[in-house]
Amino acid sequence: MFKELDPILHSQLRLGVISLLISVKEAEFTYLKEETNSTAGNLSVQIQKLKEAGYIEIEKKFRDNYPHTICKITSAGIKAFEEYVKNIKQYLVK
Amino acid sequence: MEDNNLQPEESLRLINGIINSAKNKLADDGFQFIFWGWLVIVCAMTHYISLKLNFEMGYMVWIILPPLGVIVSTIYGYKQGKKSNVKTYMDTYLGFLWGGFIIATIITLAFGFAHGIKATYFFLMILYGVATFITGGMLNFKPLIIGSLFSFALAGISVFLGNVDQFLCISAALLCSYVIPGHLLQSKFKQQAKNV
């Protein structure tokens, strides 16, 4: 029987963000916005959902008087991503 | 990127696309290689020419230029770090590699001369070779790997040369392992930035 895919990750933008964060140590909000080609509003909502799920950490910093939002994947996020990839493979191998 | 639900095939394509694009991005603009390559070549050749002309104070160039180089290089690195909006694992590993290289170079320069100029320059060329060999492997950039092999070979050759000729040898090693790969790295980096 097919395992249900994690609804937090099974969305284009959230999956894009997690895929980006798994390949880097940490990334600023602006980097995620550029790479995912998303709007700031939508991205804010989606990273908040990832944070609430415990998949990413968000740190707010000030640099030269400008706010910077830094995102980092957590170990729970890595585990969820690995599980998601494993489950998705079940759907593809028919 | 819209926030809609995906088909499993789409999910996998999205993950692969993003991870591959991050993996293939060149993490180094080549500036430090070009800058330090030319700086040390200028020092070595100035010292070499001054010895050939029997000018005793030629070694002073080593006391003046490298500390200025450290200031320029640190400011450049700091500014680049501030500009960057992502920190990759590659940045961290390269930082540790070159940090270790700097410490090893300082120790070699500070204590190596007790064993003579030949021994010092031999170790310096080996160090250049090791650091560029690993960096080339990490960045998957062949010119750095090939350049490092020249550095190793020149270190071996230097043992058979006289003291004054060590300066020519180290200049050639830097040209092969820093300057030429550095310029190639820079042009590839610029090309990549243009294509984004």
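A: Two residues are in contact here if their C-beta atoms, placed from the backbone, lie within 7 Å. On that basis, 69% of the contacts in chain B with a separation of 6 or more are between residues 24 or more positions apart. The model is predicted. Chain B contains 7 helices and 1 strand, in the order α-α-α-β-α-α-α-α along the sequence. Its C-alpha trace spans about 75 × 30 × 30 Å along the principal axes, and buried residues make up 24% of the 196 residues in the chain.

Two helix pairs can be described in detail. In the pair formed by helix α4 (residues 89–112) and helix α5 (residues 117–139) of chain B, the axes lie 10 Å apart at an angle of about 175°. Because angles over 145 degrees count as such, α4(B) is roughly antiparallel to α5(B). Residues making this contact include Trp98(B) and Phe101(B) on α4(B), and Phe123(B) and Leu127(B) on α5(B). By class, the contact has 15 nonpolar, 5 polar and no charged residues.

In the other pair, helix α6 (residues 142–158) and helix α7 (residues 166–195) of chain B have axes that come within 8 Å and cross at roughly 175°. That angle makes α6(B) roughly antiparallel to α7(B). On the α6(B) side, the contact residues include Pro143(B), Phe150(B) and Leu154(B), while α7(B) contributes Cys169(B), Cys176(B) and Pro181(B), among others. The residues of this contact divide into 12 nonpolar, 6 polar and no charged.

Key
Residues numbered from 1 in each chain as written. Chains lettered and ligands numbered in written order. Predicted model: local features only at pLDDT ≥ 70, side-chain atom pairs only at ≥ 80, totals over all residues. Axes fitted to C-alpha atoms, helices over the stretch in contact; angles between N-to-C directions. Helix = DSSP H or I, 4+ residues; strand = E, 2+ residues; numbered from the N terminus. Parallel < 35°, antiparallel > 145°, perpendicular 65-115°, else oblique. Nonpolar A, V, L, I, M, F, W, Y, C, P; charged D, E, K, R; others polar. Buried ≥ 20, exposed ≤ 12 C-beta atoms within 10 Å, placed from the backbone.
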